[in-house]
Amino acid sequence: MKKQEFMKKLSAHLKKMPKLDRDDILADFEEYFDAAQAENENEETLCERLGDPKKIAKEYYMQKYIEEANMQKSFKSMSRAFAASASLGIVNFFYVLCVVIVGYIVISALYIAICSIGLGAIAAFIAGIIFGGMYGPLALWLVLFGSVALLALSVLGFIGIMKLAKLFRKANMRFLNMTRKGIIRRKNYE
Amino acid sequence: MNIQLKKGVLELCVLSLLNSTDRYGYELVAEISKTIEISEGTIYPLLRRLKNEKYVETYLAESSEGPPRKYYKLTEKGEQTRGIFLTEWNELVAGINTIVGGTAA
């Protein structure tokens, strides 16, 4: 077999691959021939050394399927772990239902509260500029300074809540992983 | 040699060859087939997998003889994995030797 024939066969066997992947793979083999021929290897020996193009293509397909299966499996095991953690016992069921749901409600409420405070501060600032003059300069500065301080505090609060939400998510993940390990352990004992 | 057996150790071979220096595809393949009898074409799917799993990175570099070549470089993750594989391999070999050598109790 010559290089051209080898490449043609390999390309034909890879036709179910996405085009980008196929081009990338074929380029690797082109480079193989180029580099080998720079060392005065002849095409026919090289094709023999490379082996059956059909077998090579199969390797690529197998790999692709395994990668896809792995991705599905981790997603599946994740949702399975969630469902399983709820059915494992009353404590877990309680945790999943109450803590997760209530936790998210509390975090949402905190977000809403802190946003209202921030918006209120902005409104107070604008109101201060428009009406503050009526009550003298001291009142004006008090309102402006107060509203800016309030706004700064609410921004800090917002960041704090974001951190809290992240922590909560992490705790959930950790619990989930613990449960999953627990399931595996249980299976081993059974 | 048994093909399944070979496939398992091939990964360790590639990671080890890349441990000392970056290499381009043909160089890697030729180096491996010097000592292990294998269809050279099957090393390329392995290289692709190692790249997908972020054990190696690739970059293009000019060559004196023709078009630029794709070089393979070990990542930090690849380096750690190489260490783990090597330990596992040594343990496995030691274990097998105990059994086939007949020194097992």
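Begin with both chains in view: in this predicted model, 16 residues of chain A are in contact with 18 residues of chain B. Select the side of chain A that touches chain B. Helices α2 (19-38), α3 (43-50) and α4 (53-87) of chain A each supply at least two of its residues. The largest share, eight residues, comes from α2(A). Sorted by class, the residues on this side of chain A are eight nonpolar, two polar and six charged.

**Chain A as a whole**

Next, display chain A alone and colour it by secondary structure. Chain A contains six helices and zero strands, and its pattern along the sequence reads α-α-α-α-α-α. Of its 190 residues, 13% are buried. Consider also how the chain comes back to itself: among the contacts in chain A with a separation of 6 or more, 65% are between residues 24 or more positions apart.

**Helices α1 and α2 of chain A**

Select residues 3-13 of chain A, which form helix α1, together with α2(A). How do the axes of these two helices cross? They come within 11 Å of each other, and the crossing angle is roughly 160 degrees. Angles over 145 degrees count as roughly antiparallel, and therefore α1(A) is roughly antiparallel to α2(A). The crossing of α1(A) and α2(A) is right-handed.

Now show the side chains at this contact. From α1(A), select K3(A), M7(A), L10(A) and S11(A); from α2(A), select R22(A), L26(A), F29(A) and F33(A). By class, the residues of this contact are five nonpolar, one polar and two charged.

**A stop at E43(A)**

Move to E43(A), which lies in helix α3 of chain A. Leaving aside residues up to four places away in sequence, E43(A) touches K2(A) and K3(A). Select K3(A) again and draw a line between the two C-alpha atoms: E43(A) and K3(A) are 40 residues apart in sequence, yet 5.7 Å apart in space. K3(A) also belongs to the contact of α1(A) with α2(A) visited above.

**Chain B as a whole**

The secondary structure here comprises four helices and three strands, arranged along the sequence as α-β-α-α-β-β-α. Chain B has 105 residues, of which 22% count as buried. Among its contacts between residues at least 6 apart in sequence, 48% join residues at least 24 apart.

**Helices α2 and α3 of chain B**

Select residues 25-35 of chain B, helix α2, and residues 43-52 of chain B, helix α3. The axes of these helices come within 11 Å and cross at roughly 120 degrees; α2(B) and α3(B) are therefore oblique to each other. The crossing of α2(B) and α3(B) is right-handed.

Which residues make the contact between α2(B) and α3(B)? On α2(B), they are G25(B), L28(B), V29(B) and I32(B); on α3(B), they are I43(B), Y44(B) and L47(B). This contact of α2(B) with α3(B) has six nonpolar residues, one polar residue and no charged residues.

**The sheet of chain B**

Now select the strands. Strands in a sheet pair through backbone hydrogen bonds, in either a parallel or an antiparallel manner. In chain B, three strands form an open sheet in the order β1-β3-β2, with antiparallel pairing. The edge strands are β1 (23-24) and β2 of chain B, each of which pairs on one side only.

Focus on β1(B) and on strand β3, residues 69-74 of chain B: they pair in the antiparallel sense over two bridges. To see a pair of residues across this pairing, select Y24(B), which stands opposite Y71(B) in β3(B).

**The last stop: T58(B)**

Finish at T58(B), located in strand β2 (residues 56-61) of chain B. T58(B) is partly exposed, because 17 other C-beta atoms lie within 10 Å. Select its contacts next: not counting residues up to four places away in sequence, T58(B) touches K51(B), K70(B), Y71(B) and Y72(B). One of these, Y71(B), is the residue that stands opposite Y24(B). Finally, draw a line from the C-alpha atom of T58(B) to that of L74(B): these residues are 16 apart in sequence and 8.9 Å apart in space.

Definitions and conventions:
Residues numbered from 1 in each chain as written. Chains lettered and ligands numbered in written order. Predicted model: local features only at pLDDT ≥ 70, side-chain atom pairs only at ≥ 80, totals over all residues. Contact = placed C-beta atoms within 7 Å. Nonpolar A, V, L, I, M, F, W, Y, C, P; charged D, E, K, R; others polar. Buried ≥ 20, exposed ≤ 12 C-beta atoms within 10 Å, placed from the backbone. Pairing = 2+ DSSP bridges. Axes fitted to C-alpha atoms, helices over the stretch in contact; angles between N-to-C directions. Parallel < 35°, antiparallel > 145°, perpendicular 65-115°, else oblique. Left-handed = near helix turned anticlockwise from the far one by under 90°.
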